[in-house]
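Please open the model in your viewer and keep the selection tool at hand. The stops below are meant to be taken in order.

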Amino acid sequence: TRSIERHIYIHTYNHIYHSLRFLYIHIQIYFSHTSFEMTITIQDIREKATRLGEHLAFGRSEFDIFTRNSVLKLENQSTEFERKVSEELEKIKKLVALHQHFKSETSNKIQTEDRESKEECAAVERLESLKRKEEEFPELVSKYQSRFQSISVDVENLHQQLQLEVEEKDSLLQQLNSKIFKYQDHLGLEFQRVGANHLRFCFSHVNPQNDQVKAHFSIVVTTTNQYELTECVPSIAPSLIEVHLKKLNKENNLSTFVISMRKEFVASLLE
């Protein structure tokens with residue numbers, strides 16, 4: 001911008017200077033071709049032209065000074081303008097940076113407020129849920145109390161039923177003991193209680209050739225009140241044992257089962 005303005009002023013100055021010089025030369029040529037009768041007048045005119053030239057030179061000098069001062073002033077103004085423009089650009093940059101910062105802060109604040117709003121909504125929902133549960137709590141307590149009472153009744157019934165089963169099994173064992181005692185001396189029989197609900201029957205005199213030989217078997221009463229054989233020494237054919245167990249569980253005649261098992265032991269040892 002500054003170089004263009006300087007070029008414009010220089011071009012204007014040169015144009016004015018050359019125009020005045022051209023006029024001055026033509027005036028001199030005109031008066032040089034005039035009649036000799038006008039010598040004095042022409043001399044005066046030449047003197048005036050000289051003075052005009054001096055004035056033009058002075059005007060040129062003044063114009064040069066004016067032009068330089070104007071150019072210098074324009075340069076100063078241009079420098080000042082550039083400085084102000086630079087300052088304004090810096091201000092604009094700061095405003096842009098401030099705008100970006102404000103925009104970022106606003107965005108972060110909006111996101112924070114949205115998150116807090118969501119958290120508040122979630123907290124309100126949880127509070128409402130707790131209030132609903134609090135309202136439902138008496139009903140739930142009543143329901144669980146009723147259920148607890150029902151379970152307590154069931155537990156009491158199971159306890160009574162279990163006691164009855166234990167009493168029945170004890171009664172069965174007592175019956176077994178009383179029946180066994182009848183044949184203990186006659187059959188050389190002894191019995192042992194092995195664990196819960198288990199009885200072991202031990203026989204002697206099962207081998208006429210050797211009184212030291214003994215045999216035994218154990219039975220248990222299951223939860224379904226059925227007899228099961230848990231051990232048998234010496235071993236007897238499983239098919240024979242199955243026949244005797246079926247008969248025992250069907251007729252519930254333990255004496256017959258004990259006599260049959262002793263016979264099987266005697267037969268097995270005589271083979």
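Begin by selecting asparagine 252, which follows α3 and has a positive phi, near 60°. In this predicted model, asparagine 252 lies in the loop between α3 and α4, and it counts as partly exposed because its relative accessibility is 41%. Most residues other than glycine have a negative phi.

Next, select helix α3, residues 238-251, whose end C-alpha atoms are 20 Å apart, in agreement with the 20 Å that its 14 residues should span at 1.5 Å a residue. Within α3, show the side chains of Ile241, His244, Leu245 and Leu248, which are buried. These four cover an arc of only 100° around the axis, so they lie on the same side of α3. An α-helix has 3.6 residues a turn, so residues three or four places apart point the same way.

In α4, residues 254-270, select valine 258, which counts as buried because its relative accessibility is 5%; the C-alpha atom of valine 258 is 9.5 Å from that of leucine 189, although 69 residues separate the two along the chain.

Finish at histidine 205, in the loop between β2 (198-203) and β3 (215-221); although histidine 205 is not a glycine, its phi is positive, about 60°.

Methods:
Residues numbered from 1 in each chain as written. Predicted model: local features only at pLDDT ≥ 70, side-chain atom pairs only at ≥ 80, totals over all residues. Heavy atoms only, no water. Helix = DSSP H or I, 4+ residues; strand = E, 2+ residues; numbered from the N terminus. Buried < 20%, exposed > 50% of the residue type's maximum accessible area, 1.4 Å probe, protein only. Expected span 1.5 Å × (residues − 1). Arc of directions from axis to C-beta.
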